[in-house]
Amino acid sequence: GEYDVEECGWDGGDCSSLGEPCTYSYGCRSQLVCDPQTSTCDIFVEIFPDCVVEEHDYINDGICDTMPYNSEECGWDGGDCKKIN
């Protein structure tokens, strides 16, 4: 979000860099997503190359979102919707 910028110290250090451990995608810096397989921040398009969404940080944020996030291309919302699918 607006706090996850260099001027704000990447949200006071709350946001992780590429390859750093994460719990959910909101813990990763912009254009990164928390890889549900490795629990590290990775480049969104490398993990979900066919997932076309407006807000990539909704993927694997701990909340099961509706389509198009909850789709096979988006890894069932990065695993958030795994229990219901």
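Reply:
**The disulfides and their surroundings**

The mean pLDDT of the protein is 82, and 82% of the residues score at least 70, where pLDDT is the predictor's confidence in each residue, from 0 to 100. This is a predicted model, in which local features need pLDDT of at least 70 and side-chain atom pairs count only at pLDDT 80 or more, while totals for chains, interfaces and linings use all residues. Residues are numbered from 1 along each chain as its sequence is written, and side-chain values use heavy atoms, with hydrogens and water left out. Confidence is lowest in helix α1 (residues 9-12), with a mean of 58, and highest in α3, at 94.

The protein has three helices and two strands, arranged along the sequence as α-β-β-α-α; helices (H or I, at least four residues) and strands (E, at least two) are DSSP runs, numbered from the N terminus. Of its 85 residues, 36% are buried, meaning under 20% relative accessible area, with exposed being over 50% and partly exposed in between (1.4 Å probe, protein chains only).

Three disulfides are present, each counted as a pair of cysteine sulfur atoms within 2.5 Å. One of them links cysteine 22 and cysteine 34, whose sulfur atoms are 2.1 Å apart, and this link is right-handed, with 90° about the S-S bond. Because cysteine 22 lies in the loop between α1 and β1 (32-34) and cysteine 34 in strand β1, the pair ties together parts that are twelve residues apart in sequence. Cysteine 22 is buried at a relative accessible area of 11%, and cysteine 34 is buried at 2%.

Cysteine 51 and cysteine 74 form another disulfide, with their sulfur atoms 1.9 Å apart, and it too is right-handed, at 95° about the S-S bond. Both cysteine 51 and cysteine 74 lie in the loop between α2 and α3, so the pair ties together parts that are 23 residues apart in sequence. Cysteine 51 and cysteine 74 are both buried, and both belong to the largest nonpolar core, a group of nine residues that also includes Val33, Phe44 and Tyr69. Such a core is a set of buried Ala, Val, Leu, Ile, Met, Phe, Trp, Tyr and Cys residues joined through side-chain atoms within 4.5 Å.

Cysteine 64 is joined to cysteine 81 by a disulfide with an S to S distance of 2.0 Å, right-handed at 110° about the S-S bond. Since cysteine 64 lies in the loop between α2 and α3 and cysteine 81 in the segment after α3, the pair ties together parts that are 17 residues apart in sequence. Cysteine 64 is partly exposed, at a relative accessible area of 36%, whereas cysteine 81 is buried, at 1%.

Leaving aside neighbours up to four places away in sequence, aspartate 65 is in contact (heavy atoms within 4.5 Å) with Tyr58, Asn70, Asp77 and Cys81. With neighbours within four places likewise set aside, asparagine 70 contacts residues including Cys64, Asp65 and Cys81. Aspartate 65 is buried at 18%, and asparagine 70 is buried at 14%.
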